[in-house]
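Hello,

Here is the structure I promised to pass on. Please have a look, then read my notes below.

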Amino acid sequence: MQGLNVRKLLLQTRNGLIGKEADKGFIFRLFMYLILVDTAFIYIKPIIYMITTMVKDAGNLLDPAVIWVPRSLYWGHLQEAFRLLKYPSAFTISMIVSLSVAVLQVISCSIAGYAFARLEFPLKKFWFVCLIFTFVMPPQVTILPSILLFKGFGWINTYYPMIIPALFGHGLKGALFVIIFRQFFSTLPKELEEAAKIDGASVFRVFFRVMLPISTSAIIVVFLFSFVWNWNDFYYPSMYMFGSKEVPLSISLSRLAAAMTAEAEQSGPSIFAEPIKMAASFLIIMPVLAVYTFTQRWFVEGVERTGLVE
């Protein structure tokens, strides 16, 4: 009888502890959900504001009661931004430059990353330190010599200063992409290379037939990073294409904002200036959002496998 009472007491105590742990788990999950919702709202709020502003007509813009949800939708600002940006030509230029640089950086940076991870060559550590140094060096330090170099080649106001360096693993964030591939190839088992070498494969055949096909996750990460960063890049195009009429979308947006500012100084501010700017920004980020929407699963998996979250 006494043993039965003790057993009941232990059971009640255990149930109480389990109940407390469940309560703590629920409170913790609720707290984490609140943090995640707040963080997501911080990132999403500018996009929501941009979309709601660009579809407001004059009545909604002048009505102080309309803040987020307009009473009616107006698409004229998108049409005006499309015209001012010269969207078809600017979109084509941005797509050509971003895709070309992304593909070339995937090829060249994967080769360099494999060499740093798997091959032995003289002064390997020294060259890797130089690579790190180029990664931390601000681009403003080398932009003037680069402009003088490309001017001597006759490449100013062309796409070549942004595309050709990517062929050699350089360009925007090229050093970071080499480091990503090096990190990925360092985690692969050496037995893969040894088996291929036993079969008589050369270094190049081992890389292109064995290592590169299984590095899909790293390729996706580098390709998306390179594409998005080059798509949004303003600094290098403004330095190399300052006199060109056909420019990428990032330069077109800057010229649109400058033209609207000059117009406001001459004839006074306009209530349509901000909606047009928001519409232009939406037209620029829309392709990037579409790309990320279709590739986010592979992108997240690639980030985890390449060690960027460590």
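Which residue's side chain does Glu80 meet in a salt bridge? The partner is Arg83, at 2.4 Å from N to O. (A salt bridge is a side-chain nitrogen of Lys or Arg within 4 Å of a carboxyl oxygen of Asp or Glu.) Both residues lie in helix 3, three residues apart, about one turn of the helix.

Some ground rules. This is a predicted model, where local features need pLDDT of at least 70, side-chain atom pairs count only at pLDDT 80 or more, and totals for chains, interfaces and linings use all residues. Residues are numbered from 1 along each chain as its sequence is written, and side-chain values use heavy atoms, with hydrogens and water left out.

Confidence: the chain averages a pLDDT of 84 (the predictor's confidence in each residue, from 0 to 100), and 89% of the residues score at least 70. Helix 1 (residues 2–54) has the lowest confidence, at a mean of 71, while helix 4 has the highest, at 93. Where pLDDT is low, the predicted coordinates should not be read in detail.

Overall fold: the chain has 14 helices and zero strands. (Helices, H or I of at least four residues, and strands, E of at least two, are DSSP runs numbered from the N terminus.) Of its 310 residues, 34% are buried. (Buried means under 20% relative accessible area, exposed over 50%, partly exposed in between, with a 1.4 Å probe and protein chains only.)

The inside: the largest nonpolar core has 26 residues. (Such a core is a set of buried Ala, Val, Leu, Ile, Met, Phe, Trp, Tyr and Cys residues joined through side-chain atoms within 4.5 Å.) Ile180, Phe185 and Met211 have the most contacts inside this core. (Contact means heavy atoms within 4.5 Å.) Helices 4, 5, 8, 10 and 11 each give two or more residues to the core. Helix 8 gives the most, with eight. A second, separate core of 22 residues includes Trp231 and Met260.

The other salt bridges: the count comes to four. One of them joins Arg71 and Asp63, at 2.3 Å from N to O. Arg71 is exposed, at 62% relative accessible area, whereas Asp63 is partly exposed, at 21%. Another pairs Lys124 with Glu120, the closest N and O atoms being 3.8 Å apart. Here Lys124 is buried, at 17%, and Glu120 is exposed, at 70%.

Best wishes
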